[in-house]
Amino acid sequence: GGQGGEDYFNKGLVVWEVVRQQWRGSAEEIERSRAERRGMEHLALEEVEEQFLDQDEACFSRPVPLERMIAVLDELWEGDKAL
């Protein structure tokens with residue numbers, strides 16, 4: 001508890017917010033990145049799955065939106081395909 005009615009100051013929260021802002025970038029950078037991703041041609045679900053399961057591939061040939069990757073992983077998890 002505090003002494004003499006002092007307000008609590010959460011230094012950890014302040015540090016976390018600063019580091020998070022540095023990691024994410026400015027609001028302008030975030031919006032520019034979103035606009036760039038919207039304009040990109042993304043892999044189809046089948047292509048993501050195929051490239052994900054290909055042991056010789058180190059990465060995907062094009063960007064994969066998080067929602068698409070989650071759909072592929074969910075399909076693989078629910079199905080009988082071995083990773």
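The protein chain has an accessible surface of about 7400 Å², and 52% of that surface belongs to carbon and sulfur atoms; such areas come from the Shrake-Rupley method with a 1.4 Å probe, and for residues only the protein chains shown count as cover. This is a predicted model, in which local features need pLDDT of at least 70 and side-chain atom pairs count only at pLDDT 80 or more, while totals for chains, interfaces and linings use all residues. Residues are numbered from 1 along each chain as its sequence is written, and side-chain values use heavy atoms, with hydrogens and water left out.

Four helices and zero strands make up the secondary structure of the protein chain, where helices (H or I, at least four residues) and strands (E, at least two) are DSSP runs numbered from the N terminus. Along the sequence, this gives the pattern α-α-α-α. Of the 83 residues in the protein chain, 12% are buried, a word that here stands for under 20% relative accessible area, with a 1.4 Å probe and protein chains only. When contacts (heavy atoms within 4.5 Å) are taken between residues at least 6 apart in sequence, 28% of them join residues at least 24 apart.

Helix α3, which spans residues 45–53, packs with helix α4, residues 66–78, at an angle of about 65°, and their axes are 10 Å apart; the axes are lines fitted to C-alpha atoms over the stretch in contact, and angles run from 0 to 180 degrees between N-to-C directions. That angle makes α3 roughly perpendicular to α4, a label used for angles of 65 to 115 degrees. On the α3 side, L45, V48, E49, F52 and L53 meet R68, M69, A71, V72, L73, E75 and L76 of α4.

Within α3, the buried residues are V48, E49 and Q51, and the buried residues of this helix pack against α4. Why does Q51 count as buried? Q51 counts as buried because its relative accessibility is 17%. Q51 and S61 lie ten residues apart in sequence, and their C-alpha atoms are 8.2 Å apart in space.

Technical notes:
Parallel < 35°, antiparallel > 145°, perpendicular 65-115°, else oblique. Buried < 20%, exposed > 50% of the residue type's maximum accessible area, 1.4 Å probe, protein only.
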